[in-house]
4 protein chains.
Amino acid sequence: MTAHTETGAQGIDAYYAGLGEHEVAPLWKALRGLLPKEPKSRAVPHVWRYETMRGLLMRAGELVSAEEAERRVLMLVNPGLDGAAAATTNVYAGLQLVLPGEIAPAHRHGAGAVRFIIEGEGAHTTVDGERTIMAPGDLVLTPNSSWHDHGNQSDSPVIWLDALDLPMVNAIEGNYFELDEEQQEQELAKPVDASRRLYAHGRLNPVWQQPTGQFPSPLINYPWSRTEQVLREAVDVDAGSPYDGVVFEYANPLTGGSVLPTLGCFVQQLAAGLRTDAHRHTSSAVYQVVSGSGRTIVDGTTLEWTTNDTFVVPGWAVHEHVNDGDEPATLFSVTDDPVIRALGLYREEAVERQS
Amino acid sequence: MTAHTETGAQGIDAYYAGLGEHEVAPLWKALRGLLPKEPKSRAVPHVWRYETMRGLLMRAGELVSAEEAERRVLMLVNPGLDGAAAATTNVYAGLQLVLPGEIAPAHRHGAGAVRFIIEGEGAHTTVDGERTIMAPGDLVLTPNSSWHDHGNQSDSPVIWLDALDLPMVNAIEGNYFELDEEQQEQELAKPVDASRRLYAHGRLNPVWQQPTGQFPSPLINYPWSRTEQVLREAVDVDAGSPYDGVVFEYANPLTGGSVLPTLGCFVQQLAAGLRTDAHRHTSSAVYQVVSGSGRTIVDGTTLEWTTNDTFVVPGWAVHEHVNDGDEPATLFSVTDDPVIRALGLYREEAVERQS
Amino acid sequence: MTAHTETGAQGIDAYYAGLGEHEVAPLWKALRGLLPKEPKSRAVPHVWRYETMRGLLMRAGELVSAEEAERRVLMLVNPGLDGAAAATTNVYAGLQLVLPGEIAPAHRHGAGAVRFIIEGEGAHTTVDGERTIMAPGDLVLTPNSSWHDHGNQSDSPVIWLDALDLPMVNAIEGNYFELDEEQQEQELAKPVDASRRLYAHGRLNPVWQQPTGQFPSPLINYPWSRTEQVLREAVDVDAGSPYDGVVFEYANPLTGGSVLPTLGCFVQQLAAGLRTDAHRHTSSAVYQVVSGSGRTIVDGTTLEWTTNDTFVVPGWAVHEHVNDGDEPATLFSVTDDPVIRALGLYREEAVERQS
Amino acid sequence: MTAHTETGAQGIDAYYAGLGEHEVAPLWKALRGLLPKEPKSRAVPHVWRYETMRGLLMRAGELVSAEEAERRVLMLVNPGLDGAAAATTNVYAGLQLVLPGEIAPAHRHGAGAVRFIIEGEGAHTTVDGERTIMAPGDLVLTPNSSWHDHGNQSDSPVIWLDALDLPMVNAIEGNYFELDEEQQEQELAKPVDASRRLYAHGRLNPVWQQPTGQFPSPLINYPWSRTEQVLREAVDVDAGSPYDGVVFEYANPLTGGSVLPTLGCFVQQLAAGLRTDAHRHTSSAVYQVVSGSGRTIVDGTTLEWTTNDTFVVPGWAVHEHVNDGDEPATLFSVTDDPVIRALGLYREEAVERQS
């Protein structure tokens, strides 16, 4: 008995101590940490106020030269994620300032990006040889592995929201980075806004351009002029979703699916006075307020927001939107929904309202 | 020996004579007829001139009442197809006149239809409870098994091109017909032009409407205002296809594919002075001239066409388009392409120009 | 008034008489014929008894030389289809005899074929350079546009069921025929039964062979040894479908879908004493009895069948299967299901039993 | 000048110091860390020798009771990943011992798992009410969110390789865990090995079981008896891939795709004397040696392996396989390939051999 216990106790300690040299570890001591009870995110709900953000960006414009900064972006760092470059667990977001005359030199990377223009007209992004001129409300794609550079030839500062799949792509080690050694700005290989002219204005697909795959969307710029018209025409048709009001997904013209394999983009309008039902789902979202004011209640926390603010709803967080005002409120959002679904992990449930 | 030969000759005749009662027939006597050397269509190239067609339609308007006619349609009967209701082997086409105040009562059928409006503004089609108001150039879908009725509440006659998959669907015995016994015109279940307001103006898909399948396209009316804008914006971008110029397919927003499982619709612009390369493919097409004049050379036959004419290119017929004029020419077309491809029978080859 | 009436009556006759020269016809006089009330097939239920068929085939073997016959096949001609080469509206079927030492020279065509071996072991089919040796119960594919030749190097006659999509492919004018001018039998480009060795024995797909598309199935021969084992193992698992008993579809390993884009193949086992429920669907089927006896009641007609008989169930015909015997009955079938579904025309409904 | 510099330097420091309270951070100071030059994995090549592993497992069997251990698994901890529960960056692997009479109680989780049986016959896994009896070489799936329990009713210890998508699913916070509070072992809802009997023996899919989605594979156990037969039949057909020899993917019968949305499984045979070409790709793999001996050279490191050893090749690592022996060597592997592809991050390149 004693011997056995001794052997047992001593044996176990020695056993555990010896496992490391064999590059193994006992699952039974780690099981609980590896298998959480719920898909609860470490990320927390948060709002970044544009008033503050704009001030910080403009100050960065004074303090940091474009050459120094290369990318003058303030990353939105979720308070729950220990300083990681992530607004939600899976979505990186940042606010970028490009001053008149500045450029961001041509590069590409494994991570895919979307940009939503907040203020300033006339800056451009060039994607794989196609330049697009950007205006507020435009959604601009720089897909995974596409060469891209930015510039601002207007007289005013331009600010946009960057959203990338960086946390996911870095977690699975799928990222890489290349700078174009030969040119700061890409030579234009196509007419300016070629894809917008071919794809943006309706539901017709050019036949002579055969897609080589399902991704990425061939449309680089989903212009606000179209988005705004869709919202304007849609609001009389239907009340939309009980959770989101009149809500549209920006679609890949060739498939009807999400704009990137990793990120989905949405725009929604909450009518004046609307209070949505509450639900939760395993995908997370970064919201950019296009116009109007309101609040979103997330796991009991109320996020007050107004035009140009940015806020986040973590995965599996219960949320509902409220527009107490007299005007409709319009929200753009970018989510990890395509990945969560592709991996078979999407779950959604209706929940009682929190108030 | 003799007996054997005798038996052989007599035997064969008796043998052949006796097969019928067993409901069998010798393949070896039928092989050549069943297996043609080439996918050569019995259909022939042909133009129906709108000037003539319009006169015949208007005369029908005088001679035949709407009640008598129910569908006052002149079917375009391909001269090569022995009077079959078919403009090409697989595509039915007809020109329909609806006079002010007339209606075509609600019905549905297994065959799917598209309509391209030629003249007259303000007539309507109602599809499964959604009414759309039609203008020249609009493409209107009444998919397979959808309830639909038409009416003309304007002051002018309305004429459109009907195209259906009728020859194919009847050949495989997939058709059926139902009249709505309860109502001549459907009650409206949605706002007028609901789907156009949700889907037509850009590349955004309503999220709260989950499609139940891949077909049909949820967009009932692809309005000319959008189509015209796409063409206008596209012509500076690229020369398009060597065979068709700047050519677009009307797409199902949910899939990027054809508008119906059985019919694909296209619009193309031939620049002033353009002569395309020649090719042939196993799909056939009915063309409706939207504007401009030109000619299409089909298997050596020159089809001259001008605004509002209708012409056909049979399957596997060599064809090239010529626009000798000073203005661009715009062609709408409807084809059996989706079926030919779904059955694995699509083939295409470049051919030397015929002139 | 009188003038008007006169004009009307005379006018209409003259009008109708004059339409032909313009290659148009009045839809309103043809509407009923073009739009049948129901998807009722002209084809009728029918059984071809193998005892009779075998005799006729063997007699053909004496009377008609292989060179004369080229394809010594008795086509099963549905009594309802006016002598068309069609067992159901959309599926051609025939019974083919190849005598020892005979070959059928290499050729290809737009129509796709499947063969189900009824008797005789050791004949071969070569498909695009791959030879397969055939045994009773094997399902052998010669897909659309594949080169194929047959030969019988055994000592016994070989008889199989041919099924083709010929009626559909001819109706849409997608067919063509080529004889290999250079060789009667193809040179073998791969080991004998290469695809069977790679694909038939489980659920593993060779990685180094990248499919170029979804069709056709890369497996040329679905051997009976596998089919028989699946049936044997499955019967204890579950009663299967109420309409068909334990029923399996032969699947394309690369997609899980039908073996050809135009034809689906199935095998089913009806347990001793089973009487299925009745239903009808818009697809039609040719059945080959593999073993056992029973009857199928089709639109009120009872088809009695036994081993090796062939029978047909037309589209939209109500049918139920009965196995009154003490042994299970096994049926192979080939249907137009993939086409009916691809065109959006599949409908099915449960019906009261007919007896 | 001085003022400016001072302001600049002091200003910048103060600026940086103040950013944290606003939950933002300067991208321009983090850019290099976020965007690595290459998709270089932190994971390193490594072999775990079965001789050692088996000893450690058996010792754990003595020291730790089943109740204490719950899951008596030694996790394979990649030396490059700082103790994370990960064999490669994206794939968790562990070796599990179940002693005679032991069970692992019913539970489920968001992560999906596959198991490859190394030794011991007669243990079972029950997945969503279906029990399968396992033998060496069997691949057993417990997909994402499926209830599963294990037990060993045989007289011998059973050891298998567990592989899970845990690192990915945890990184994107898609995981959760539930224990079945009502039962330790699930009641059986289907016959034992029902799915193996329906799906494993060929290419036939049961028609009466309609899949509700693309995933997971309905086949719970891909038995070694089938796998072994495929390998045996295939080796004479073709040399297979230049990088992997004769290599097969375990396929989802309903789609032809990977067995889980997150993990792909493969089996390959390296002929005696084979040295493969070298390549690298962005997916990573855990290999389990089924039989034979050889070595794999990974980024210049030679991994020697023999029967039952486990080794890993990180993503983007150059690798080639060598079988110097007289017998073929057979490797099972599990990879993150489906995720890498779904996210558009798959890249592959041929590389010069490393020796």
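Across the interface of chain D and chain C, 20 residue pairs are in polar contact, with both residues at pLDDT 80 or more. Such a contact is a pair of N or O atoms within 3.5 Å; within protein, one must be able to donate a hydrogen and the other to accept it, and residues adjacent in sequence count only if both atoms are side-chain atoms. Several elements build the side of chain D that touches chain C: helix H6 (194-199), strand E13 (204-206), helix H7 (224-234), strand E15 (246-250) and strand E16 (264-270) each supply at least two residues. H7(D) gives the largest share, six residues. By residue class, this side divides into 23 nonpolar, 11 polar and seven charged. Here Ala, Val, Leu, Ile, Met, Phe, Trp, Tyr, Cys and Pro count as nonpolar, Asp, Glu, Lys and Arg as charged, and the others, Gly among them, as polar. Helices (H or I, at least four residues) and strands (E, at least two) are DSSP runs, numbered from the N terminus.

The model is predicted: local features need pLDDT of at least 70, side-chain atom pairs count only at pLDDT 80 or more, and totals for chains, interfaces and linings use all residues. Residues are numbered from 1 along each chain as its sequence is written, chains are lettered from A and ligands numbered from 1 in the order in which they are written, and side-chain values use heavy atoms, with hydrogens and water left out.

Stay with chains D and C. In contact (heavy atoms within 4.5 Å) are 41 residues of chain D and 41 residues of chain C. The two chains bury about 3,600 Å² between them, 61% of it on carbon and sulfur atoms. In chain D, Arg203(D), Leu204(D) and Trp208(D) lose the most area to chain C; together they account for 26% of what that side buries. Buried area is the accessible area (1.4 Å probe) that two parts lose on being put together, summed over both.

Two salt bridges are counted between chain D and chain C. A salt bridge requires a side-chain nitrogen of Lys or Arg within 4 Å of a carboxyl oxygen of Asp or Glu. Asp236(C) and Arg197(D) form one through their side chains, at 3.9 Å, N to O. Strand E13 (residues 204-206) of chain C pairs with E15(D) in the antiparallel sense, over three bridges. Pairing needs at least two bridges found by DSSP. Within E15(D), Phe248(D) stands opposite Pro206(C).

Now turn to chain A. Here 73 residues of chain D are in contact with 74 residues of chain A. The area buried between these chains is about 6,500 Å², and carbon and sulfur atoms give 66% of it. Trp28(D), Ile172(D) and Glu173(D) lose the most area on the chain D side, together 12% of what that side buries. The rule finds two salt bridges across this interface and 30 residue pairs in polar contact, both at pLDDT 80 or more. Elements of chain D that give two or more residues to this side include helix H1 (2-19), helix H3 (50-63) and helix H8 (337-342). The side divides into 44 nonpolar, 17 polar and 12 charged residues.

Strands meet here too. Strand E1 (residues 24-26) of chain A and E3(D) pair in the antiparallel sense over three bridges. In E3(D), Met75(D) is the bridge partner of Ala25(A).

The structure holds 80 salt bridges over all chains. One of them joins the side chains of Glu173(D) and Arg42(A), at 3.6 Å, N to O. This pair crosses between chains: Glu173(D) sits in the loop between helix H5 (166-171) and strand E12 (177-179) of chain D, and Arg42(A) in the loop between helix H2 (31-34) and strand E2 (46-48) of chain A.

How are the copies related? Two copies of a chain are related by a rotation about an axis and a shift along it. Chain D can be laid on chain C by a turn of 180° and a shift of 0.0 Å along the axis, with an RMSD of 0.1 Å. These two copies are thus related as by a two-fold rotation axis. The same surface serves both: 100% of the contact residues of chain D recur in chain C. Chain D superposes on chain A by a rotation of 180° with 0.0 Å of shift along its axis, at RMSD 0.0 Å. Again, 100% of the contact residues of chain D recur in chain A, the same surface serving both copies. Superposition is by least squares on the C-alpha atoms of residues with pLDDT of at least 70 in both copies.

Two chain pairs stay apart. Chain A and chain C do not touch, and their nearest C-alpha atoms are 13 Å apart. No contact joins chain B and chain D, whose closest C-alpha atoms lie 13 Å apart.
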